[in-house]
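Here are some notes for a colleague who is opening this structure for the first time. Please keep the sequence and the 3D view at hand while reading the numbered points.

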Amino acid sequence: MMEKLGILLQLLALGRVIAEAVCGADEFNRYVTSFLALCLVQALQLIRSVDGATHEDGRTPSILDTWTHSDSGGANGDIACDQYRKYKEDVQLMAEMGLDAYRFSISWSRLIPNGRGSVNQKGLQYYNNLINELVSHGIQPHVTLHHFDLPQALEYEYGGWISRNIVKDFVEYADVCFRMFGDRVKYWTTFNEANIFSMVGYDLGLLPPNHCSSPFGYFNCTRGDLSSEPYLAAHNILLSHASAARLYQKKYQSVQKGYIGLNLLSFNFVPVTNKTEDVIAAQRANDFLVDFLPSLLANLKESKSSFDFFAVNFYIATYVKDDPEILNIEPRDFKADMAVEWELIPENASSKYTSLPSSEFQLTPWGMQGVLKLFKQNYGNPPIFIHENGLSLSLSLSLSLSLMQRNASLEDWNGSNAKGYFTWSLLDVFELLDGHQSGYGLYYVDLDDPELRRYRKLSTDWYSRFLKGGSIAPDGGIELEGSRSSLSSAQAMR
């Protein structure tokens, strides 16, 4: 009983933390601040593994499925949140919250099970149903075509993204999506975190398809070549993006009136000191992990004007300092080639860092300003969508609102071409790095319940009030009304 009471007290305390952390210094709402006035889209994102039903209705395995059944500690996305069956319920939750957009990804292996060739009619029907349900509730679909989930069939056949063959197959897949869904989908993102997928999937082996080579890698390095594969994958991803974008612009855009872009994970690298070598090291880290894909994209003959927007995922600022000695190590991977030492939080951290109960890392919402500044200065201030932003907490107590947290000076966002903000995530989904051990969602999902019931968290009340135009003051708490925000202690215990 005392343990359950403790969980309830944590929930109530979190509600207060949320109200104070996201408010900032002045009262504001979604319509009155300079940045938020530009946020035409307030929305939530879910990873593909939210769908579940991985072996049903004609769907075949992806490299993500293969990985979760081999390297993720026994957890997998076979059922996940079962949005495949519960999509109507989830869309209703979005509508009640006040969302007007929703980002999701299409499973290539559900739509085209062999990676190319015939379309799976049941998969096609599912995505038509989901899109129609969103549109009927006034919620704008934002679709990502590839979210770490290449059909395993293509990985087996020719090695997936390290083969030039992938470009043709990806473009044919994209063509099916544009043709079948483009009358209702106006925002297309070709790849989620293209920079991280190519490097971490083909160098560290931490993400699917888990390629790495000795002495590097987080898992047993049984396949891969870090000297070539990360660069081959990145090159083929860029060619695939550019080719799909060119197809869309030539064949569909004038009729469908939509937009196409690319998603990157951003870090906002900050020098530990003001020394010249550390300042240069921070720029070098950005060049390696953020800038290199847009820079290559701008120089590819095939990719002229191949994006209408960039999308960024951001979670935390990262401090770096120069480390030239690491260049003496042989062999080296891309991390060593950067010649930097990473620090999440520098020594003698100031009050600009904000902690939350049971948080896995400190919050640095001000880092988003640096990310937007980078794109503004380096790429002519293109339209930007913030596709992911959030915080993971234990016991499924998720804030997912670190962007608008205390110390984020909204006025400093003036001049950036930010068009919308998506928080990660609607539900406590199956996460790539730790399965079901962490919770980013605004809704808790009881995995021990056969019905996988969703339970609204306190952060949902704050966000819903904000989205509906309510003003939030620094001392404004969250008042519970009836059973709203009722994540009971019984459901919280797994």
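1. Which residues are linked with Arg-116 in a network of salt bridges? In this model, which is predicted, Arg-116 is linked with Glu-157 and Asp-169 in such a network, and a search of the whole structure finds twelve salt bridges.

2. Helix 3 holds both Lys-86 and Glu-89, which lie three residues apart, about one turn of the helix, and form a salt bridge whose closest N and O atoms are 2.9 Å apart. Lys-86 counts as buried, at 14% relative accessibility, whereas Glu-89 is partly exposed, at 33%.

3. Asp-90 forms a salt bridge with Arg-454, with 2.8 Å between the closest N and O atoms. Because Asp-90 lies in helix 3 and Arg-454 in strand 13, the pair ties together parts that are 364 residues apart in sequence. Asp-90 is buried at 0% relative accessibility, and Arg-454 is buried at 10%.

4. In helix 7, Asp-175 and Arg-179 are four residues apart, or about one helical turn, and their side chains meet in a salt bridge at 3.8 Å, N to O. Asp-175 counts as buried, while Arg-179 counts as partly exposed.

5. Helix 5 covers residues 121-136, and its buried residues include Leu-124, Tyr-127 and Leu-130. Among the elements that cover the buried residues of helix 5 are helix 3 and helix 7.

6. Ile-112, in the loop between helix 4 and helix 5, is buried, with a relative accessible area of 3%. Its contacts include Val-119, Tyr-173 and Val-176.

How values were computed
Residues are numbered from 1 along each chain as its sequence is written. This is a predicted model: local features need pLDDT of at least 70, side-chain atom pairs count only at pLDDT 80 or more; totals for chains, interfaces and linings use all residues. Side-chain values use heavy atoms; hydrogens and water are left out. Helices (H or I, at least four residues) and strands (E, at least two) are DSSP runs, numbered from the N terminus. The expected span of a helix is 1.5 Å times one less than its number of residues. Buried means under 20% relative accessible area, exposed over 50%, partly exposed in between (1.4 Å probe, protein chains only). Contact means heavy atoms within 4.5 Å. A salt bridge is a side-chain nitrogen of Lys or Arg within 4 Å of a carboxyl oxygen of Asp or Glu. Lists of a residue's contacts leave out its neighbours within four places in sequence.
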